[in-house]
Protein chains: 4
Amino acid sequence: MLHFAQFGAGRIGAIHAANLAGCGGRLRHIVDVHAPAAQALAERHGAQVSTTEAALADPEVGAVIIASSTDTHADLVIRAAKAGKAIFCEKPIDLSLARVDECLEAVQAAGVPMLVGFNRRFDPDFAELQRRIQAGAIGAVEQVVITSRDPGPPPVSYIKVSGGLFRDMTIHDFDMARWMLGEEPVEVFATGSNLVDPEIGAAGDIDSAMVVLKTKSGRMATINNSRRAAYGYDQRVEVHGSLGRLIAGNRVGSTVEQADAQAVSTEKPLHFFLERYALAYRAEMLAFIDSVTKGSPMPVGAADGRQALVLADAALRSMAEGRVVRL
Amino acid sequence: MLHFAQFGAGRIGAIHAANLAGCGGRLRHIVDVHAPAAQALAERHGAQVSTTEAALADPEVGAVIIASSTDTHADLVIRAAKAGKAIFCEKPIDLSLARVDECLEAVQAAGVPMLVGFNRRFDPDFAELQRRIQAGAIGAVEQVVITSRDPGPPPVSYIKVSGGLFRDMTIHDFDMARWMLGEEPVEVFATGSNLVDPEIGAAGDIDSAMVVLKTKSGRMATINNSRRAAYGYDQRVEVHGSLGRLIAGNRVGSTVEQADAQAVSTEKPLHFFLERYALAYRAEMLAFIDSVTKGSPMPVGAADGRQALVLADAALRSMAEGRVVRL
Amino acid sequence: MLHFAQFGAGRIGAIHAANLAGCGGRLRHIVDVHAPAAQALAERHGAQVSTTEAALADPEVGAVIIASSTDTHADLVIRAAKAGKAIFCEKPIDLSLARVDECLEAVQAAGVPMLVGFNRRFDPDFAELQRRIQAGAIGAVEQVVITSRDPGPPPVSYIKVSGGLFRDMTIHDFDMARWMLGEEPVEVFATGSNLVDPEIGAAGDIDSAMVVLKTKSGRMATINNSRRAAYGYDQRVEVHGSLGRLIAGNRVGSTVEQADAQAVSTEKPLHFFLERYALAYRAEMLAFIDSVTKGSPMPVGAADGRQALVLADAALRSMAEGRVVRL
Amino acid sequence: MLHFAQFGAGRIGAIHAANLAGCGGRLRHIVDVHAPAAQALAERHGAQVSTTEAALADPEVGAVIIASSTDTHADLVIRAAKAGKAIFCEKPIDLSLARVDECLEAVQAAGVPMLVGFNRRFDPDFAELQRRIQAGAIGAVEQVVITSRDPGPPPVSYIKVSGGLFRDMTIHDFDMARWMLGEEPVEVFATGSNLVDPEIGAAGDIDSAMVVLKTKSGRMATINNSRRAAYGYDQRVEVHGSLGRLIAGNRVGSTVEQADAQAVSTEKPLHFFLERYALAYRAEMLAFIDSVTKGSPMPVGAADGRQALVLADAALRSMAEGRVVRL
């Protein structure tokens, strides 16, 4: 049985801790600057509130979950690597590519396994779509269309430390595009606007974006993003190949369809990531524990986290310069 | 925390035991004539293998789950009632109405709460449909159409002890019809055929049926049943009211849609009840524990189990006599 | 080119006259007791207003369309047959089976071709469903579920001369059931209620019904009817076979799907038969002209019109006596 | 009644001629270099085969339809304008912007009305989507996603005279984007690949493309194109606004859904533009005749034809230079 220390006892931390327990893991240490949150989560899972030092020094601990604030990720990755722990790190590793590279070096030097929390790779719909691509259902992939729209914008205080739309939100879509394209993008074009909330613009960020990626062999992906979707979290992927098309759509709470004097209607998509990706978070934890236990490669590793950031940085540059950025 | 004794360690028993653990219950005793199954389930959940006597004598046990073979249900219900335990009983209570009445008397005399395992009442789709009826979304209910088709027939050995299609399979649909009609049926018409497996006919049963129910105010329900659906478990409910229509459809494993040179296709419905009603089984256990704990009425009780059997018996008589049976 | 005389210049007559013109027919005579309607339709299509006698005496006329009020159909069929004209007769031929038999004799004696206007046989969706049954897509047919609901009830004055729900409305569904079952029903069960409009009940009719039909080999069909559907004309057919299921659904005016803060919605079904069966009426006329021209059998003939009425009469008796009527 | 001369008796010419007849127009002259085609179409519609001179000299002719090969459009537009005829011109007006401007000048000088054949503006689904935008159903438009994929590539001989993908195929999508955005794009980014047919690449063209457009206020549109879709013509538009989302999907031949041991499937989209846009072509002709007759503005005029070409030219430049082209 794999024993864990977890950094971060917030909303996403609570999810990982619960999944860990349900997946045959054992949580020993919770570390969080916010003591009451740490205490509550520790009690719920029979863990103890610890310091980073104590948690990493515990020889029983085989793995860490890094679900604290983004600015702490890199430091914790490096320290966990040096302590020889397997690492489950929420995205992004860091907002600075240089810092990410330091993490990758530390992880490589220590020879520890690391998973980066691109939850969508574990979503049953996207995973089934990917499985069919692999099975040849649509022949050679040619174009990918990714729709990724949040139900509503976060507070501007969050926007300011988020690294901007491309590094904070689109980063998931960059990873999805890489996964679905089956090839590395070598050209990036991006543009964006401030259409949703003027305060986001005032903070120097955009809230609406469109991106086009292209691989060496000419495959293309396009991403459309918005910080607002009145009907809920809109997360769809469409892949076109030489033999056909695959679409993974949104999930709803129930299959109920209502027909009345107005229209024929079904439920809105599940509201946001906690609902939509509940199954994905669980599958992600299972995959992490499975890889650590068996010593098999992580399904999505540190290099994937780095590459998505490379694309986000290229998107920023493309938007600023109004041109394609070649990688 | 509610402590349980469970009778039956088979397929459905394993589900209830797992849900119980996940819903804050504690399993203390497992009773099963098949020792290895009892042993395995007991080990998985930290329970002990017991006899019926020992299990019911344990004062720590507040509730029992009866998930053993149908012919043992009534005896266990009566004994559990006398022992003062809350009762979760898989459907049917018994195939004989007289025996069911003995159970109801025992339960009433003991004043213990009892839930009958009509899992579909806890299915999120049917529950949402019912919630909308209650909310007035379609006005007064007028007609109900229930589609209920198994992916494939059970072995004839099972058919022989099942009580026949109406008592074994349609019984769920009778309960669903009562729930959706919001009124008690007073007229029953049923007919059936042997179209799927000649051995079922040779065993004196049917494998395909159509039923029409009518309430005193003139509301109607129709049920179509088959022991075979090449595309998987087909479980749909359609309710028509004065202001509109509600449909609850099948669930699929993924939202992936494939378009190719042949067609545009989606996945088949989830294969059978274990998959389709996984969420329902869990919600059912939660509701049971909640009702026992709070002393609130069971959402579906012994009288509901009885009434569904009354309808099944009436259906048998209707089919035999080619006429409407009035209740 | 086939030349026509048409009886009836009302709503459905206008449709047939227009289709006839678009299908290579030529309308010569319009007969209607309501002179202005006859005049208007005659002018629109370059025809002349005539009497029945004159129209039937015209040797140029090869075919008649009977789209006048129901009580005139039988007389016109017999006179047209005697005049040697091919006959396109709106359903029903007559409300009396004896009278229908007189028509069939006259048609047979004259050796003229006759099509009965069961428009649904020509609906592209139902026709495609039937084509797939024939192609073996779902193996042997086992059960048919027909949903047939009008958007709103007709005036009671119409109800009073309609022959009642089974002969007026369900008659289409009886024909559909026969077509989809691929076998003749030998057992009929029907029940009904007055749920929509008390005046319909006061007029001695029902407005809501459920029917079950069974063939000799045990195939079954169920029909649900209502004179009211708040969301528009609901016309669906579902056929279950040994290898799968086919469903033909409703048609909508546009494919537009709207997602907003309330729901994800699509348009209501096309409002009523004029909209829903517009394509069917045209295909029906093409098939009639084609059969007359080539001398090939009518796709749906006088015997089909008779058999649907036999089922309607049996349904009435079944409802009155609360039992299965065997044919 | 409006009398017409038509240039071009090919596939699209035959459609226009038939629609014209059904919309209350009268075809007098057919002009085509291919005499047998001209003869056949003339006979079908009671017109005469003429020369351009004779057709334009006929004072009875109030309008012309230009459905001949692209390289003849501009010359015919200018001559028809000088002859004072109303002009229905298939897209594109010409592949050269300079030449298009000559046409616009001639049309303006003559004061004749002109419709450019952007058929999709008349598609009932896209028109309904547009109607809802106008009605405020989704608030302010923010992003548009256009999917436009042909079932298969045309012969390379056609590619060579087509003006390239952007001018030949995407031009429709540029017009659609302008229409849906409700603002003029001022930035164009485009990229493309040769993925479908190497001969298209050898001919100097692309067969797969992605485009991003942006308006002054920051609204964005993205277009994905391919010359191949194994499942048929894929023509969808998705518009996101501040209050919701509208999608117009593909049309199918029937609503039949089949469930079997493999999957649940529906028909492929209608095969190509002749099938998909049949209703649009008819509505387009009605709109043209209506505008000419009433003297009301054309729903899509010469300036729209010009602007779509401006965007196509900008796309070509953007792809060549790897940068945003600002208009």
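This is a predicted model: local features need pLDDT of at least 70, side-chain atom pairs count only at pLDDT 80 or more; totals for chains, interfaces and linings use all residues.
Over all chains, the count of aromatic pairs comes to 22. Phe272(A) and Phe273(A) make one of them: their ring centres lie 4.9 Å apart. Their planes meet at 75 degrees, so the pair is edge-to-face. Phe272(A) has 22% relative accessibility and therefore counts as partly exposed. Phe273(A), at 17%, counts as buried, because the cut-off for buried is under 20%.

Now turn to chain D. Tyr233(D) and Tyr277(D) also pair edge-to-face, with 5.9 Å between centres and 85 degrees between planes. This pair links distant parts of the chain, 44 residues apart. Tyr233(D) sits in the loop between β10 (220-226) and β11 (234-241). Tyr277(D) sits in the loop between α10 (273-276) and α11 (278-294). Tyr233(D) is buried, at 5% relative accessibility. Tyr277(D) is buried too, at 0%.

Charges meet rings as well. Arg245(A) lies over the face of Tyr231(D), 4.8 Å from the ring centre. Arg245(C) lies over the face of Tyr231(B), also at 4.8 Å from the ring centre.

Chain D also holds a right-handed β-α-β unit, made of β5(D), helix α5 (residues 97-110) and β6(D). Strand β5 (residues 86-90) runs parallel to β6(D), and four bridges join the two. Cys89(D) has Val116(D) in β6(D) as its bridge partner.

In a regular strand, side chains alternate between the two faces of the sheet. Strand β6 (residues 114-117) of chain D is covered on both faces. Met114(D) and Val116(D) are buried on one side, Leu115(D) and Gly117(D) on the other.

Notes:
Residues are numbered from 1 along each chain as its sequence is written. Chains are lettered from A and ligands numbered from 1 in the order in which they are written. Side-chain values use heavy atoms; hydrogens and water are left out. Buried means under 20% relative accessible area, exposed over 50%, partly exposed in between (1.4 Å probe, protein chains only). Two strands pair if DSSP finds at least two bridges between them. A crossover is right-handed if, with the strands pointing away from the viewer, the path from the first strand over the helix to the second runs clockwise. Rings of Phe, Tyr and Trp (its six-membered ring) pair if their centres lie within 6.5 Å; planes under 30 degrees apart count as stacked, over 60 as edge-to-face and the rest as tilted. A charge sits over a ring if NZ of Lys or CZ of Arg is within 6 Å of the ring centre and within 35 degrees of the ring normal.
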